[in-house]
Amino acid sequence: MQIEKYTDMIYACGRCNFCKGQEFNERCPEVFTQFWESSTARGRMAIARGILEGTLKYTDELAERIYGCFLCARCKEECKKAANIDIIAITKAMRQDFVEQGVRIPETSEQMVDSMESSGNIFSDTPAVHNKWSVGLEFKKESGILFYPGCLASHRFKEKTRILVKVLQSAGYDLDFLEEDQVCCGTPLWISGYMNKARNWVERIMQLFEEHRVKEIITPCPSCYRAFIEEYPKILGIEELPIKVRHSSEVLERIVLEKKLNLKHSVDMTMTYHDPCEIGRYRGIYEQPRNVLRGISGLKLVEMERNQENSFCCGGGGGVKLAYPDYSLKVSVERIKEAISTGAKAITTVCPACELNLTHAVYEEDLMVRVLDIAEVLAVAAGIEDEEILEPDYFADD
Amino acid sequence: MIVLSERIEQVLVEIVGADRVTSKDFDLIPYSRDLSPAKQKFPRFVVMPTNKEEIQEILKAANQHEFPVYVRGGGTSHWDAYLCQEPGVLLDLSLMNKIIEINKRDLTATVQPNCTWSKLDRELQKHGLTYLCSEAGGPAMTIGGSVMKAGGGPHSTAKFGLHGNQDIITLEIVLPNGDIVETGSAAWPSAGKFKRQCLGPDLAGLFIGSEGILGVCTELTLRIRPVSSKKIRMVAIVDSLDKVIEFGHFINRHVGDEYLQGSYFWVDPTAPDVFILMMDLFGYEDEILEFRKKRIIEKISELGGKLEDPTPANDYYDRVLTGLTDIFATGVWHFFGSGSLRIDDIPFLYKVWLEEIIEKRGMKTVGLGGQILPRDWLAFMVTNYQEPSEWEQIIEIADEINEIVLNGPVVPYGIGGRDGLRNIVAKHNTGYYCLLKSIKKMLDPKNILQRGIFIPEEDL
């Protein structure tokens, strides 16, 4: 069993319950949606211990608790105070055990992996549809700097992705793009437990990078970013990739701080910023996107009560969006309400999954507010895009 | 048995709805342990009630169908006090966690039992108020659980005692037969929740510390006080236990005007001759606080002690409500050899610790600690240990030490179930214990509630 690797950590849980928080909606999105103790990190460690000791088994029913985890790492953050247990690694190992033992997992998790394998992306898009966002943009073959949008940025947010590329190019970045070869980074494999398929997939992508002479990757997707920085080296058994990997927010911060764009337009709006779990808690990228917003004149940045390492998940993590859409929506509505309570007229973030979930919450709550990528705000400040894209009633073509 | 089980489930579902009843093995297992090394004990069902009426109905059904009911708050008991001693119905009170009222005029707060200290304090601070919670497990520690075990901790107890002595004003309790009673001034419906001792005997005191065996607490009203933004923390080291005792008496001398709100005493197993005192000074005015600081410095100096960098005390007291750090870095916890004792009797506990733990067993992980309360100590031995490899050894040692300690001048604190101290208490069979058994029999003739907690079933 994969969880055997984490035996010491599982037994280290002192059952202090710091992970749960004061309220069901405070820290853990799973306990907010499923409310039983078995949904908390403490509960999961008890379950893992039961499995290790042979008193519990992986079952179809248990899948809801394990695949209902958003992998947001809020519990892991809290556990740093107590036992420093890597709850996420243990949860992923449990998912791998489900798959390896042939226990039924949510159908949509399987489908996501099937789509990825058969079409190259999680939406089963044809390459033409998937890469439609790039129509009209010019890329520089084998420039060494690869723009890697990831599935969500390609499929769902074509305009946002196009704007990001225009900003990067305006700031002088010569970007390459894989075009027909663009495929998913493989994240569905490790969040669903299909590690048996991971090495082949990773080797295939690395081959592509080699063929395109990639020296650096810029991606707006935190999952892709973490895949290249964390998962690929682990799977390949190397310390780090021989490729520099940057999240778009890090690049945009450099653009602002090094004044690579003339931010001549004032953006007179109050905005808040949502920290995506995968680059916030997982990678410590908190200030970079905020520095972008702070660099724009007229813009007033207001913080949500839960921010940075205490940030609440958008509801899109861990594959829950597909497996349990009601849970996902409940969490995203909770987060959007917090964002609105700041008085912000727009919610900014730097993750396509967060943008998608928070946008769905906006629709659900019928709010007059837009969820923006910081690149869109920067594009307006730099005069690359008209300020109408910031307006709450603006509706992108995609 | 299966038929009965199905009938119980049906009854529970009728009361709270199917979505708040579970019997799935993976849902039950998280409720099978607490913070202590007590053996796993499984409920048969877990139910999440949302109000007293549901609890009332469950208890009535329990009497009718004769199934045991257990109560769980935050699940952080240190002594097997809220684990199902038999596979019964466990009430997980997590959904009953609301702050019902903060009365700024009367300086009272009314809460549901699963409101945590941290949640209450966060809300009180918005109004410039505080309870001054004493529990170090503040972020997870529920008020109901804490009061039902008569809690105490490193913070505020030096001044106010366990739960501020009289700070718990009124309680609302669902008795084992389903009757709902209120204590103190709340017992008089046309009055209000403002006073503990009135009308007659202090019935709140009957329930506080009873570990839930006499009723399920569904609401509490607490005395609160203005918050003080003034903060002085100190750390001192003295070289003998006699000096610790002198210091204990010194800060307790000014009854009603104790200098400290918290005073934590610690002896590390690696340096058994070094006595550390962490202090949290109390005061609303700079002038008063500075005076107290000056007097404490003088006293420490008179005792030949040394003042140290106060950073550890700042860190410790600041984290009482947000979470102490690295608590399980070297293993999970066990507290043992603990209880209440006179200020002058701390050498007894120290001697047991030194001779039995440090010298005889050579254990370098078990520390001795305690809090000075008005006129007494709440002291304990505590260790981190590895589960499961060291579990058996720790249990064995803890049992031996508990026997020795409780045969001395130490009153047991935290009784619990069969893996707690209940057998030691039963063996002593004091008049107090006999009276408690009589009260339990009268209120709960079928021994429905918390069966096996505090009082062994065969004793009833």
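**A loop residue and its surroundings**

Modeller: B:Asp326 counts as exposed because it has 12 C-beta neighbours inside 10 Å. The cut-offs are 20 or more other C-beta atoms within 10 Å for buried, 12 or fewer for exposed, and partly exposed in between, with C-beta atoms placed from the backbone. The model is predicted, so local features need pLDDT of at least 70 and side-chain atom pairs count only at pLDDT 80 or more, while totals for chains, interfaces and linings use all residues. Residues are numbered from 1 along each chain as its sequence is written, and chains are lettered from A and ligands numbered from 1 in the order in which they are written.

B:Asp326 has a positive phi of about 55°, although it is not a glycine. Most residues other than glycine have a negative phi, and most peptide bonds are trans. The loop that holds B:Asp326 runs between helix H10 (311-318) and E16 of chain B. Helices (H or I, at least four residues) and strands (E, at least two) are DSSP runs, numbered from the N terminus.

Chain A has a counterpart for the backbone angle: A:Arg213, not a glycine either, has a positive phi of about 50°. A:Arg213 is in the loop between helix H12 (198-211) and strand E3 (216-219) of chain A, and its 12 C-beta neighbours inside 10 Å make it exposed. Chain B also has a cis peptide bond, between B:Glu387 and B:Pro388, with omega about 0°. B:Pro388 belongs to the loop between strand E18 (376-385) and helix H12 (391-406) of chain B.

Ala, Val, Leu, Ile, Met, Phe, Trp, Tyr, Cys and Pro count as nonpolar, Asp, Glu, Lys and Arg as charged, and the others, Gly among them, as polar.

Chain B is assigned domain 1 (2-94), domain 2 (99-226), domain 3 (233-412) and domain 4 (422-459); such bounds come from an automatic or database domain assignment. Domains 1 and 3 of chain B have C-alpha centres 36 Å apart. Four residues of domain 1 of chain B are in contact with six of domain 3 of chain B, and the domain 1 side consists of two nonpolar, two polar and no charged residues.

B:Leu95 sits in the loop between strand E4 (89-92) and strand E5 (99-103) of chain B. B:Leu95 is partly exposed because 17 other C-beta atoms lie within 10 Å. Leaving out residues up to four places away in sequence, B:Leu95 touches B:Met48 and B:Thr50.

In chain A, domain 1 (2-100), domain 2 (107-252) and domain 3 (262-390) are assigned. The C-alpha centres of domains 1 and 3 of chain A are 28 Å apart, and 13 residues of domain 1 are in contact with 16 of domain 3. Helix H2 (29-34) and helix H5 (74-79) of chain A are the elements that give two or more residues to the domain 1 side. H2(A) gives the most, three residues.

Two helix pairs in chain A involve helix H15 (residues 287-294). Its axis and that of helix H19 (residues 374-381) of chain A are 10 Å apart at an angle of about 25°. H15(A) is therefore roughly parallel to H19(A). Axes are lines fitted to C-alpha atoms, for helices over the stretch in contact, with angles from 0 to 180 degrees between N-to-C directions. Under 35 degrees counts as roughly parallel, over 145 as roughly antiparallel, 65 to 115 as roughly perpendicular and the rest as oblique. A:Pro289, A:Val292 and A:Leu293 in H15(A) meet A:Ile374, A:Val377 and A:Leu378 in H19(A); the contact has six nonpolar, no polar and no charged residues.

The axes of helix H14 (residues 248-257) of chain A and H15(A) come within 8 Å and cross at roughly 40°, so this pair is oblique. The residues of the H14(A) contact with H15(A) divide into five nonpolar, three polar and two charged.

Technical notes: Two residues are in contact if their C-beta atoms, placed from the backbone, lie within 7 Å.
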